[in-house]
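Subject: Structure handover

Hello,

Please find the structure below. My notes on it follow.

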Amino acid sequence: MSGLVDWDFAVNLGAKVAGDGPEVSPDDAAAAVAELRAGADRSTGLVREFTGLVAAEHTAPVLVVDRRGWVQANADGFAKIIEPMVAKLSAKKGAPSGLSLAIGSRVTGAEVGLLLGFLGTKVLGQFDPFHDPSGRLLLVAPNIVHVERELSADPSDFRLWVCLHEETHRVQFTAVPWMRDHLHSEMMALTDSVEPTRLAEDAVRRVSEAVRGGGGSLIDMMSTPEQRAILDRITGVMSLLEGHADVVMDGVGPTVIPSVDAIRASFNERRKGIGTLDRILRRLLGLDAKMAQYRDGATFVNHIVDKVGMEQFNAVWVGPENLPSKSEIGDPDAWITRVL
């Protein structure tokens with residue numbers, strides 16, 4: 001069912017594009033891995049104390065990976081998510097087969113590989129909620145080491161800071177058991193609404209527009225009223241999750257990370273991206289919108305916590321009906337009026 005993408009080719013290409021990362025001695029690499037594992041473990045109690053959310057410990061494994069490991073993990077995740085689209089295209093009359101399908105899967109594998117290769121140099125950590133049975137937390141050691149050096153940050157402080165963010169995501173999905181199925185159903189609804197042939201045509205146009213400096217991201221191809229409604233709901237959820245994690249990592253930070261304010265200031269500058277190619281890819285992949293999710297989501301969470309307290313804010317986790325809409329992310333008082 002995954003014949004539209006040559007996943008092995010995608011992973012191999014993505015790993016080559018991403019490269020190995022910074023040079024690190026074996027002893028320093030082992031120390032970084034050990035510190036990240038310890039930081040993830042330590043973060044569980046810190047996040048619980050700050051948020052009031054209780055998640056069972058060790059329900060989702062912590063994997064400290066290299067860039068290729070991250071590429072492989074995300075290729076596996078992509079394959080699972082797009083299976084419904086593959087099945088939909090395969091069922092259509094005149095669907096490609098034989099040699100044309102093999103060539104097409106190679107081309108698509110190259111596109112996916114380039115995407116994963118670029119992101120594989122950027123991502124510091126990631127909680128994958130859809131990996132069975134309870135998700136998994138990925139920490140990309142080479143990227144963490146690269147950024148801490150780039151920012152001249154204290155390595156121990158920076159590593160724990162990253163762990164706090166990703167552990168918050170683990171808590172969000174394990175302490176709130178309905179969140180995984182809710183988000184998965186929204187993503188499946190979006191996938192099911194996509195016309196694969198049109199998707200390919202629009203993707204080429206978006207790439208061309210992005211390179212010329214205009215146009216929007218690939219996500220802007222979702223243009224039907226149904227797709228926009230689903231995207232607005234997903235945007236609301238992701239803004240909440242990312243903003244909440246940013247608030248937690250900075251809120252916990254001062255008690256255990258002496259240099260947290262300096263790290264945050266430097267990191268925010270880094271998030272803006274550098275270089276023409278980097279800006280093009282960020283626009284194309286919607287990473288500019290991703291940065292807005294962090295910022296707007298954190299503003300939403302901080303406003304509500306400041307106004308009614310963390311315990312009242314936690315009503316957001318009671319059920320899908322209490323999740324903020326995209327518009328409420330920008331108007332937290334409207335959420336308070338509706339929910340509390």
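Helices (H or I, at least four residues) and strands (E, at least two) are DSSP runs here, numbered from the N terminus. By that rule, Val 339 belongs to helix H15 (residues 332-339). Before the rest, two points on the source. This is a predicted model, in which local features need pLDDT of at least 70 and side-chain atom pairs count only at pLDDT 80 or more, while totals for chains, interfaces and linings use all residues. Residues are numbered from 1 along each chain as its sequence is written, and side-chain values use heavy atoms, with hydrogens and water left out.

Overall

The protein has 15 helices and three strands. It has 340 residues, 47% of which count as buried (under 20% relative accessible area; exposed is over 50% and partly exposed is in between, with a 1.4 Å probe and protein chains only). Of the contacts (heavy atoms within 4.5 Å) between residues at least 6 apart in sequence, 79% join residues at least 24 apart.

The end of H15

Setting aside neighbours within four places in sequence, Val 339 is in contact with Ala 315 and Asn 322. Asn 322 is 17 residues from Val 339 in sequence, and their C-alpha atoms are 6.3 Å apart.

The sheet

The three strands of an open sheet run in the order E1-E3-E2, with mixed pairing; two strands pair if DSSP finds at least two bridges between them. Strand E1 (62-65) and strand E2 (125-128) are the edge strands, each pairing on one side only. Direction ignored, neighbouring strands are turned by 20° against each other on average. E2 pairs with strand E3 (residues 136-140) in the antiparallel sense, over four bridges, and Asp 128 has Arg 136 as its bridge partner in E3. In a regular strand the side chains alternate between the two faces of the sheet. In E2, Gly 125 and Phe 127 point one way, Gln 126 and Asp 128 point the other way, and all are buried.

Helix H2

H2 lies across E1 and E3 and runs at about 155° to E1. Axes are lines fitted to C-alpha atoms, for helices over the stretch in contact, and angles run from 0 to 180 degrees between N-to-C directions. The axes of H2 (residues 26-51) and helix H9 (residues 225-256) come within 10 Å and cross at roughly 105°. The two helices are therefore roughly perpendicular (65 to 115 degrees) to each other. On the H2 side the contact includes Arg 42, Leu 46 and Phe 50, and on the H9 side it includes His 244, Val 248 and Val 252.

Two backbone details

Most residues other than glycine have a negative phi, and most peptide bonds are trans. Asp 132 and Pro 133 are joined by a cis peptide bond, with omega about 0°; Pro 133 is in the loop between E2 and E3. Ser 152, in the loop between helix H5 (141-150) and helix H6 (155-175), has a positive phi near 55°. Ser 152 counts as exposed because its relative accessibility is 68%.

Regards

Definitions and conventions. Parallel < 35°, antiparallel > 145°, perpendicular 65-115°, else oblique.
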